[in-house]
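Hi there,

Here is the structure I promised to pass on to you. Please open it and keep it beside this email while you read.

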Amino acid sequence: MEVDMNGVIFALSYALDKVESELIGVDIDHAKWVAYMSVLTGKTYDMSFEQLSDLAACAAMHDNALTQYNAGGRDRGLDPSVFGLHCTFGQENIAGFPFYGDTTDFITYHHENADGTGLFHKNDNEVPLAAKIIHLADMVDVSCKVKDVSVENYKTILNYLNSNTDQMFPRDLVQHFLTKFTEEFYLSLKGRSIKDLLSEELPHNVREYPFEQVRGVMNVFGQIVDCISSFTRNHSFCVADKVTRMARFYGCDDQIIERIYIAGVLHDIGKMAINNDILEKPARLSETEFAYMQNHAWYTYVILSQIRGFEDITEWASLHHEKLNGTGYPFGKTGKDLSKTDRLLACVDIYQALSEDRPYKKGMEHTKCIDIMRDMASKGLIDAEITEDVNTVFKVAPEVTTSDRMI
Ligand SMILES: [Fe+2]
Ligand SMILES: [Fe+2]
Ligand SMILES: [Fe+2]
Ligand SMILES: [Fe+2]
């Protein structure tokens, strides 16, 4: 499958910013800024394009396990006795990514200090250079909000680095960073979009990947989404699995099935932009809360439409709450605008949601789910034929085995 892997990782990193902003107050685009500063620093070490690509991907993914870390509504804060879990699981999660080279410990050690006082108390010589670069870029952005470009902020960055050299950051690394990050260079970033800056420094790498590898990347993001709420555990995987089985039932060719799987696993990625209080509310949502929650489908569109070559996947994923009679969201499309795959995603999402336990209801049996869907079809909301096909395919074996990797 042909994929712009950096494009995918940077677009989906938006979902990671949201989690990190809730936990430690970073700004949106934090992951991109960390990736950007990492690439600039990596270039001062004469890293190759392949090394820079791997570094940028790990930098963008540095906190990918934060939803797992706080899964199930837990709020562990930054307790140093357990905070290292987000590093080890974050590294494990990216194990299947299609890197060019060895990225061992790039994420595991992204909180190690030069003086050995980091989360794992590693000495400087035990930590790969890439992990040190990510650490510096991460902490500079967390502490100084790099995107707020000004003469004053440059002084803040310099002060921060000076007061933490030798303790948090090795002296030679700080020097490398500052050879690129001069005041003149920093001020030249004012008003520039981080997306443009990043793509100038790191050209896109559209390549052919085996689907297994692409799926590995997408599954990490599906897991991040499923972990943000204890009530939707495995929802994205189950939708992806069921929509794939339906696509097989319809005789779609393998390439289409692969793309439908991705739409299924990412259909709720926009939930990452929704406040946790709403996602975790242990009761039915009020009208206002529900209207706010509806934005998630719009955010799915916003996030996925940034990925070149994902136009069909973006459509299928972001239209999963549209209704044939035009009462759905986010666009209020009607039947004439909704393809069979759009309708299929909508039906499978409803079937899956009905069959799952929620704080205000128990998961329903297959027959009850189909009864409700038939009623919706009779009201012109969803596709009647697909509803019958869902009945045919899932009445025998609705359950799926999914990964379950809460920590
Ligand atoms: Fe972290
Ligand atoms: Fe961070
Ligand atoms: Fe949804
Ligand atoms: Fe969903």
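You will find Gln68 in helix α4 (residues 66-69); helices (H or I, at least four residues) and strands (E, at least two) are DSSP runs, numbered from the N terminus. Between Gln68 and Phe89 there are 8.2 Å in space, C-alpha to C-alpha, and 21 residues in sequence.

Some ground rules. This is a predicted model, where local features need pLDDT of at least 70 and side-chain atom pairs count only at pLDDT 80 or more, while totals for chains, interfaces and linings use all residues. Residues are numbered from 1 along each chain as its sequence is written, chains are lettered from A and ligands numbered from 1 in the order in which they are written, and side-chain values use heavy atoms, with hydrogens and water left out.

Now to the metals. The iron ion (ligand 3) is coordinated by Asp268 (OD), His296 (NE2), His320 (NE2) and His321 (NE2), at 2.2 to 2.3 Å. Donors here are N, O and S atoms within 2.8 Å of the metal (3.2 Å for Na, K and Ca); water is not among the atoms, so sites may look incomplete. The angles among the 4 donor atoms of this ion run from 82 to 168°, and the site is irregular.

What coordinates the iron ion (ligand 4)? His235 (NE2), His267 (NE2), Asp268 (OD) and Asp349 (OD) do, at 2.2 Å. The site of the iron ion (ligand 4) is irregular too, with angles of 83 to 172° among its 4 donor atoms. Asp268 bridges the iron ion (ligand 4) and the iron ion (ligand 3), which lie 3.5 Å apart. Distant parts of the chain are linked by His235 in helix α12 (residues 235-249) and Asp349 in helix α18, 114 residues apart. Both His235 and Asp349 are buried, and Asp268 and His296 are buried as well.

On a 1 Å grid over the protein atoms alone, a pocket is an open set of points with protein on both sides within 12 Å along at least five of seven lines, whereas a cavity is a set where a 1.4 Å probe fits but cannot get out; lining residues have an atom within 4 Å of a point. Grid points are joined across faces, edges and corners, and a volume is the space filled by probe spheres set on the points. Helix α18 gives the largest share of the pocket lining, 4 residues.

The whole structure has 4 cavities of 30 Å³ or more. The largest cavity has about 80 Å³ of space, and Met5, Asp54, Ala57, Pro98 and Phe99 are the closest to its centre among its 13 lining residues.

Happy exploring!

Key
Four donors count as tetrahedral if all angles lie between 85 and 135 degrees; four count as square planar and six as octahedral if opposite donors are over 155 degrees apart and all others between 65 and 115; anything else is irregular. Buried means under 20% relative accessible area, exposed over 50%, partly exposed in between (1.4 Å probe, protein chains only).
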